Amino acid sequence: MATLKHLSKSLKQFRNFSSATAINKSVIKEGYKQQSLDHNLQLFNRGGDGDSNPKDRNVHWVFLGCPGVGKGTYAGRLSNLLNVPHIATGDLVREELSSSGPLSKQLSEIVNQGKLLSDDIIFLLLSKRLETGEGNGESGFILDGFPRTVRQAEILEGVTDIDMVINLKLREDVILSKCLGRRKCSQCGGNYNLATIDIKAENGSPGMYMAPLLPPAGCESKLITRSDDTEEVVKERLRIYNEMSQPVEEFYRSRGKLLEFQLPGGILESWPKLLHALNLEDHDDKQSAAA
């Protein structure tokens, strides 16, 4: 497994490539061997040294899923459970936007139009984050929001071994409602959601219920909405994602690394089932179902 320092250095080398330039196949590790998803899960659950404590397991995972599906929520919980950093490109972009740095204006224009960022920008932000993590002694990672294109996946494969890719699925009408219901407290930074999802079972399709995540009384008057959480922008993000996601999914599916997981409902229902799919247990889970 590549260290975070090695991964950061390698991504720096790639970030100056033109998006129209094909990746140099010589950087892809020779002798790459396909492993089935079942085999990868078996290796993960053995922990490599016979230790069954999840926090002793070093993972290199990727979370896929369209904007608003809940990648950050579930990747964050697994990050805490496994004691590895959760690196979300969306968070990196928002941090850069709030910093008023040299990229801030360019990022703002792209994000507010619902467009995807270029590979160069993503590599720059990711390599900076990995450098920081290396300095803090971090090991392993769960990537959230990267890769989004086959080219990005090829580059990532060329510098590190991804153990597993978890692809979260959710109905598009539910995702739209969730995105439009997102709110943030401008004072404490807490994240909330005002949307109530209540879909009745019909024609053989299962129902779905997701309770709103309401703010405490002290935050109610301080709620703000993300500038890109408008119906027009969300629909454009979903359109672009759906257009580009299938090749990335197939890239990892063909390598036996894609775990498809259909979210059955809110966190109370979905979290235990995701853990079961990953052959994990969370004995210390004391978090609220609305986290």
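Modeller: Let's start with one idea: two strands count as paired if DSSP finds at least two bridges between them. Keep in mind that this is a predicted model.

Biologist: Fine. Which residue of β3 stands opposite valine 62?

Modeller: Leucine 143 takes that place in β3. Valine 62 belongs to strand β1, which covers residues 60–64. Strand β1 runs parallel to β3 (residues 141–144), and four bridges join them.

Biologist: How many bridges join β1 to β4?

Modeller: Four, and β1 and β4 (residues 164–169) also run parallel. For an example to find on screen, take phenylalanine 63, whose bridge partner in β4 is isoleucine 166.

Biologist: Where do the side chains of β1 point?

Modeller: The general idea is that side chains in a regular strand alternate between the two faces of the sheet. In β1, His60, Val62 and Leu64 point one way, while Trp61 and Phe63 point the other way.

Biologist: And are the residues of β1 buried or exposed?

Modeller: A residue is called buried when its relative accessible area is under 20%. Five of the five residues of β1 are buried, so the strand is largely enclosed by the rest of the structure.

Biologist: How does serine 221 count, as buried or exposed?

Modeller: The cut-off for exposed is over 50%. Serine 221 counts as exposed because its relative accessibility is 66%. You'll find serine 221 in the loop between β8 (208–210) and β9 (223–224).

Biologist: Now zoom out. How many helices and strands are in the protein?

Modeller: There are ten helices and ten strands. Of the protein's 291 residues, 47% are buried. The protein exposes about 15,000 Å², with carbon and sulfur atoms supplying 49% of that area.

Biologist: What share of contacts joins residues at least 24 apart?

Modeller: Counting contacts between residues at least 6 apart in sequence, the share that joins residues at least 24 apart is 75%.

How values were computed
Residues numbered from 1 in each chain as written. Predicted model: local features only at pLDDT ≥ 70, side-chain atom pairs only at ≥ 80, totals over all residues. Heavy atoms only, no water. Buried < 20%, exposed > 50% of the residue type's maximum accessible area, 1.4 Å probe, protein only. Helix = DSSP H or I, 4+ residues; strand = E, 2+ residues; numbered from the N terminus. Contact = heavy atoms within 4.5 Å. Areas by Shrake-Rupley, 256 points an atom, 1.4 Å probe, with all protein chains shown as cover.
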